[in-house]
Amino acid sequence: MDTASLSGKELAAAINAETKARATALTEGAGAPRLALVVPNDDPASAWYVNSLRKAAERLGIACDTVDLGPDATVTGIRAELAARSADHATDAIMLQTPLPVGVSLDDVSSAIVATKDVDGVSPLSLGLLAAGLDGFVPATSEAVVELLEHHGIPLAGRHVAVVGRSNIVGKPLAQLLLAKDATVTVCHSRTADLAAVTATADVVVAAAGRIGLICGKHVRAGAVVIDVGTNEAPDGTITGDVDAASVRGKAAALSPVPGGVGPVTTALLMRHVVTAAETGRSN
Ligand code: NDP
């Protein structure tokens, strides 16, 4: 079987074109939408990601402040910065970068981001709104998976989707979004007894575990669709996914590439959220 490649580049470009037009309209009104990237680390992968977000924002006409708190930032210091940006009228949107300093968890600090500026949907309020099926910002990576599937015409209603990973920023919110699309969802994790037995029954497998090559041919039934969310650094420094593409290709009907699949759509959706936050925040 030929395995189609579910590229995210075309979808990202379409989202970006609309975001740029909305950002231009805001700029001509009360000024460019403004995103604060709060960075409590000195991690090279995070620095690379922050740089790519800054470039994406610049291309779209979104102003971007990087707030460097360093790896020694405390819970109190991070919360104070997030609360200050939440109250700051000049800041439309806030993103907190990970990894967080040793001893600090996302749960310790994310509630300090006001939900109306929480463009990556990490705060407990945003996650609760999603679970309740109410409006709010949803984590961009999870949303990107659903948008990528829909863009490529893959139906979700009534289909069995296996999500591998249950983090608060990818696996769990994705399960909620898929349920809202009427999929039947199984969420797998490191304690799932026989991962392959579960995933091989699914119509769609989403790999979001952060483990290179975890999902291989035996995890996928013939004709299934596979979405690779993983962005892992391989020993040679390249970015690689959670799917062993060599063994899945030829068996799956379609597979999203890494890079070039979920990643560009995630960035595009984050920027769309920034513009939405500015539009709604300024009209209130
Ligand atoms: P976390 O480490 O927070 O969560 C990983 C999840 O995978 C956990 O639920 C864990 O289970 C599960 N898991 C780990 N090992 C196994 C295994 N052997 N079998 C089954 N389940 C397993 O990671 P994130 O959710 O933050 O990220 C997941 C991946 O997605 C990473 O590669 C990350 O880089 C990538 N990512 C990509 C983005 C993009 O834009 N493309 C954005 C965000 C993340 P348990 O709960 O039991 O520990």
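Biologist: Which loop holds Asp182?

Modeller: Asp182 sits in the loop between α7 and β6. Helices here are DSSP runs of H or I with at least four residues, strands are runs of E with at least two, and both are numbered from the N terminus.

Biologist: Before we go on, what am I looking at?

Modeller: This is a predicted model, where local features need pLDDT of at least 70 and side-chain atom pairs count only at pLDDT 80 or more, while totals for chains, interfaces and linings use all residues. Residues are numbered from 1 along each chain as its sequence is written, and side-chain values use heavy atoms, with hydrogens and water left out.

Biologist: OK, back to Asp182. What's its phi?

Modeller: Asp182 has a phi near 70°, which is positive although the residue isn't glycine. Most residues other than glycine have a negative phi.

Biologist: And is Asp182 buried or exposed?

Modeller: Asp182 counts as exposed because its relative accessibility is 54%. The cut-offs are under 20% relative accessible area for buried, over 50% for exposed, and partly exposed in between, using a 1.4 Å probe and protein chains only.

Biologist: Which residues of α7 are buried?

Modeller: In α7, residues 171-180, the buried ones are Gly171, Pro173, Leu174, Ala175, Leu177 and Leu178.

Biologist: What do those pack against?

Modeller: They pack against the helices α5 (124-132) and α6, plus the strands β5 (160-164), β6 (184-188) and β7 (204-207). Contact here means heavy atoms within 4.5 Å.

Biologist: Switching to α6. At what angle does it pack with α1?

Modeller: Helix α1 (residues 9-28) and helix α6 (residues 140-151) pack at about 105°, and their axes are 10 Å apart. The axes are lines fitted to C-alpha atoms, for helices over the stretch in contact, and angles run from 0 to 180 degrees between N-to-C directions.

Biologist: What does that make the pair, parallel or perpendicular?

Modeller: Roughly perpendicular, for α1 and α6. That label covers 65 to 115 degrees; under 35 is roughly parallel, over 145 roughly antiparallel, and the rest oblique.

Biologist: Which residues make the contact?

Modeller: Glu10, Leu11 and Ile15 from α1, with Glu147, Leu148 and His151 from α6. They split into three nonpolar, one polar and two charged. Nonpolar means Ala, Val, Leu, Ile, Met, Phe, Trp, Tyr, Cys and Pro; charged means Asp, Glu, Lys and Arg; the others, Gly among them, are polar.

Biologist: Now the ligand. How many residues are around it?

Modeller: There are 19 residues around the ligand, and Thr141, Arg166, Ser167, Ser190 and Thr231 come nearest. A residue is near if one of its heavy atoms lies within 4 Å.

Biologist: Which atoms of the ligand do Ser167 and Ser190 reach?

Modeller: A polar side-chain atom of Ser167 is 2.5 Å from a ligand oxygen. For Ser190, an N or O atom of the side chain lies 2.5 Å from an oxygen atom of the ligand. Val229 has a polar backbone atom 3.5 Å from a ligand nitrogen. A polar contact is a pair of N or O atoms within 3.5 Å; within protein, one must be able to donate a hydrogen and the other to accept it, and residues adjacent in sequence count only if both atoms are side-chain atoms.

Biologist: Where is Asn41?

Modeller: Asn41 is in the loop between β2 (34-39) and α2 (44-60), and it counts as buried because its relative accessible area is 7%.

Biologist: What does the side chain of Asn41 reach?

Modeller: The Asn41 side chain gets to the backbone nitrogen of Asp43 at 3.1 Å. A polar atom of that side chain also lies 3.0 Å from the backbone oxygen of Pro99. Setting aside residues up to four places away in sequence, Asn41 touches several others, including Ser46, Asp68 and Gln97.

Biologist: What joins Thr98 and Pro99?

Modeller: A cis peptide bond, with omega about 5°. Pro99 is in the loop between β4 (93-96) and α4 (106-109). The bond from Val258 to Pro259 is cis too, with omega near -5°, and Pro259 is in the loop between β11 (254-255) and α10 (262-283). Most peptide bonds are trans.

Biologist: Last one: why does Ser110 count as buried?

Modeller: Because its relative accessibility is 2%. Ser110 is in the loop between α4 and α5, and, neighbours within four places aside, it is in contact with Val122, Ser123 and Pro124.
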